[in-house]
Amino acid sequence: MVPLSDRPPVLAAWGAGVDSTAMLVELVERGEPVDQVLFADVGAEKRETLAFVPVFRGWLAERGVPSAIVRYAPKNFKNWPAYRTLTENLLTNGTLPGIAFGRGTCSQKWKAAPQHAWARTWPPAIAAWAAGRRVVKLIGYDASPADDRRYRAVQSLDDPLYEHRYPLREWGWRRDDCERRIAAAGLPVPPKSACFYCTAARPAEIRGLPRAQLRQIVLIEARAKPRLRNVEGLWRQTVKGARGATPRPGSMTAFIRQEGLLDPAEIEAIAALAPRSLLRWQAAVAQSEGARPEMARWMTVFDAFAGDPGDMDSAPSLYAGLERRS
């Protein structure tokens, strides 16, 4: 392998999904340089993805490839309380992810930006940029039609800091090739990497979610509902099933209800009581002095009411419940 001092540093954007994992497996076992792997944790990953992250990081470490987990670190807050994850962001501001409104994805803010923030402190990148060289950034777009569209959208971009490389496209690999490569390395094939409430999620993916994440979907849509005008929910609009499409409502909550994934009484309790309690708590936090509690603490209390959602209304407010538990 060419010494790092004689070549540009190589940084991999790893999403913990099939494509980027297969890309790294093949590059590492070919002996090609991979100097750093970054996984951006948005705080809304599926449980299977979170279980796979330490497994693959261990595989990388055994082969001398360093990896790190990075997170978006917001500094200015329009509303209180402070948030640290995408889910907390949505609840604090009472909205849905940008993709639900047709404004692209959350990747730039929650994945690309924290990776770049990390790279700005990475000595090999600092040295390369000071010498007028670009860092090679590995991207796991495969050769499928879906990734063709993503690739076309970025291929002409001239980035002064990064030279983007797409190894899977160089090799002509599609998803099935990636799955076979991961299995051949003796690793479990990870699930599709995405937020559990992503607008692009298929109905079967929602059916497979644990109860805690289903409850959070109901909460997210209920909190955002007063501000929704042109979309029904996280799935945007109802799909009737024409031309072979899988029928589904535009609201994931409606799908959860019609599929019986949560008890109807629990859905109604969350939708009717949780947003109101959250707003009361937000108002109390905004008026408090000194160190203010963050949204993560409210979420802990919300999850604690999973056993009996009706208890949320019997408490004076979730803020009072939080104070008794913190």
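Reader: How many helices and strands does the secondary structure of the protein come to?
Author: This is a predicted model. Its secondary structure consists of 15 helices and five strands.

Reader: What makes the protein as compact as a globular protein of its length?
Author: The globule rule gives 20 Å for 326 residues, and the radius of gyration is 22 Å, which is close to that, so the protein is as compact as a globular protein of that length.

Reader: Why is Arg-215 called buried?
Author: Buried means under 20% relative accessible area. Arg-215 has 1%, so Arg-215 is buried.

Reader: Is Glu-266 buried or exposed?
Author: Glu-266 has 6% relative accessibility, which is under 20%, so Glu-266 counts as buried.

Reader: How do you know that Arg-215 and Glu-266 form a salt bridge?
Author: A salt bridge needs a side-chain nitrogen of Lys or Arg within 4 Å of a carboxyl oxygen of Asp or Glu. Here the N to O distance is 2.8 Å, so the pair meets the rule. The pair links distant parts of the chain, with Arg-215 in helix H10 and Glu-266 in helix H12, 51 residues apart.

Reader: How many salt bridges does the rule count?
Author: The count comes to 21.

Definitions and conventions: Residues are numbered from 1 along each chain as its sequence is written. This is a predicted model: local features need pLDDT of at least 70, side-chain atom pairs count only at pLDDT 80 or more; totals for chains, interfaces and linings use all residues. Side-chain values use heavy atoms; hydrogens and water are left out. Helices (H or I, at least four residues) and strands (E, at least two) are DSSP runs, numbered from the N terminus. The radius of gyration is taken over C-alpha atoms; the globule rule is 2.2 Å times the number of residues to the power 0.38. Buried means under 20% relative accessible area, exposed over 50%, partly exposed in between (1.4 Å probe, protein chains only).
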